[in-house]
Amino acid sequence: MDGHSQPRLVADLRQISPQELRQILQLHELYLAREACGRRAVLSFYDLSSADLSDQNLSEADLTGARLHRAVLKNTVFRSAKLATADLRAANLNGADLEGADLRSSCLRGAQMNRARLPRADMSKAGPRRVPSSDEPEVNEDSQRTDLSSIEAHDCDFTGANMSGAAFIRADLTDAILTSTDLEGADLRHANITGAILDRANLSGANLCGASLRGALLSNAKLTGAEMRGVDISGAIVDRDAIAQAASAEDMIGAELRSVPPQELAEMLRQHQLWLDSHGKEGKRAILSDCDLTGSDLGNAKLALSVLSRAVLRRADLTQASLAMSDLSLADLREARLDGADLRGAKLVRAHLSGATLAHANLMPLENVGDRKYDFPANLEGAKLGGANLSAAKLRHAKLASADFSGAKLDHSDLSRADLHNTNFKGAHLAEANFEGASVRDARNLPDQS
């Protein structure tokens, strides 16, 4: 037994020949075109194990209770389809579109769902079932949960989905979009939710024990009664008032930030300058990880090679600052001023830069470093740059995979030779931007560069 109750035994599922399936798909295509001879695909309680339905349009199809175990469903469209109680274990749903689909009480354990779309999908528990007869097994509450345990769902879009009570045990939701999702009472134990966007998500009563929320965005999220024991929120954007409503908040990792008085900060900058000038023989390197530097005036500061990972620099002034080869991973730089800053070779992995200004900033590689003359490109993989101003910024050769430039200003910026794999440019301003030689594989909302 796999631990997930199915509505029928496998032996009871209907079998179908390849020819019959092909005919059903052809008629469904005509149905979607609203042709009179078309017919909606009804494949409820069919055994479609290991079937290859890649790139098919099955919008509005009825696959209730269907067995799609290990099915290949890459880029398949299931908009408003019925998949309640379906068996999708270990299915390949990479790039699939399930917007508005009914997935209540389905089993997707171990499925691949990278870059899949599930806005407004219903993954809650199916409604009450009839009372079983005396010779039928009792259906317990857990068996009715939608099971998404151990799924791989990088960059998956769950915006507005209803996932109340769903099981996400050990799921990989790295960089997933969970904006306005309902996760009330969900089981997210040991899930990897690194870099995910959970803005306005409802996590009330959810079990997040042992989960990683490193670099996640949880602004306006509801955490009332959520179990947070052992949760890692290092570098996460989270409302402190919301955290106070969670259970076992005192056992979280990365929740504490250190305040740095102005005098101490000034001395650290002085010691760092000595460290740089003496090539490490004098002074002390600036280590400001997990420090609260909100609103600090660091304009023209000499912070090359500094460590500012997970630091809070919201609304800080870093205009013309020297930050070459600095580590700003998971840093909160929302609304910070970085105009003209030297960020060559800087590490800004999953940094929060929404609303920041980086006009004319230098994010090119730091070249010819060391005896072997290495080049170190700037790394902004998974960075959140929604609404940021990068006008005329230099991003040549930058690592920008999975970065979010939604609504950002990139006019006259240099993105030549940059890695833009899976980067989101929705609503971005790109007038006169240079994309020569850039890798744009799977880049989203990018105008045709041909």
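Which residues have the most contacts inside the largest nonpolar core? In this predicted model, the answer is Met 113, Phe 158, Ile 193 and Leu 198, and the core they belong to has 77 residues. Helix 1 and helix 2, which spans 240–244, each supply at least two residues of this core. Helix 1 gives the largest share, 3 residues. As a general rule, nonpolar side chains in soluble globular proteins tend to be buried together.

Met 113 is worth a look on its own. Setting aside neighbours within four places in sequence, Met 113 is in contact with Leu 93, Asn 94, Leu 108, Leu 118 and Leu 148, among others. The list of its contacts also includes Ile 151, Glu 152, Ala 153, His 154 and Cys 156.

Asn 94 turns up again in the surroundings of Asn 92. A polar atom of the Asn 92 side chain lies 3.1 Å from the backbone nitrogen of Asn 94. Asn 92 itself sits in the loop that runs between helix 1 (18–32) and strand 1 (217–218). Not counting residues up to four places away in sequence, Asn 92 touches Ala 71, Val 72, Leu 73, Lys 74 and Gln 112.

Back in helix 1, there is Leu 30. With a relative accessible area of 32%, Leu 30 is partly exposed, since that value falls between the 20% limit for buried and the 50% limit for exposed. Once neighbours within four places in sequence are left out, the contacts of Leu 30 are Glu 35, Cys 37 and Gly 38. Leu 30 and Ala 121 are 91 residues apart along the chain, and 25 Å separates their C-alpha atoms.

What about the empty space? Rolling a probe the size of a water molecule over the atoms shows where such space is left. The second largest pocket holds about 640 Å³ of it. This pocket is lined by 27 residues, and the ones closest to its centre are Asp 157, Ile 177, Asp 404, Asn 424 and Arg 444. Sorted by type, the lining of the second largest pocket comes out as 12 charged, 9 polar and 6 nonpolar residues.

Terms used: Residues numbered from 1 in each chain as written. Predicted model: local features only at pLDDT ≥ 70, side-chain atom pairs only at ≥ 80, totals over all residues. Heavy atoms only, no water. Helix = DSSP H or I, 4+ residues; strand = E, 2+ residues; numbered from the N terminus. Polar contact = N/O pair within 3.5 Å; in protein donor to acceptor, adjacent residues only side chain to side chain. Contact = heavy atoms within 4.5 Å. 1 Å grid on protein atoms, 1.4 Å probe; cavity = no way out; pocket = protein on both sides within 12 Å on 5 of 7 lines; lining within 4 Å. Points joined across faces, edges and corners; volume = space filled by probe spheres on them. Nonpolar A, V, L, I, M, F, W, Y, C, P; charged D, E, K, R; others polar. Core = buried A, V, L, I, M, F, W, Y, C linked by side-chain atoms within 4.5 Å. Buried < 20%, exposed > 50% of the residue type's maximum accessible area, 1.4 Å probe, protein only.
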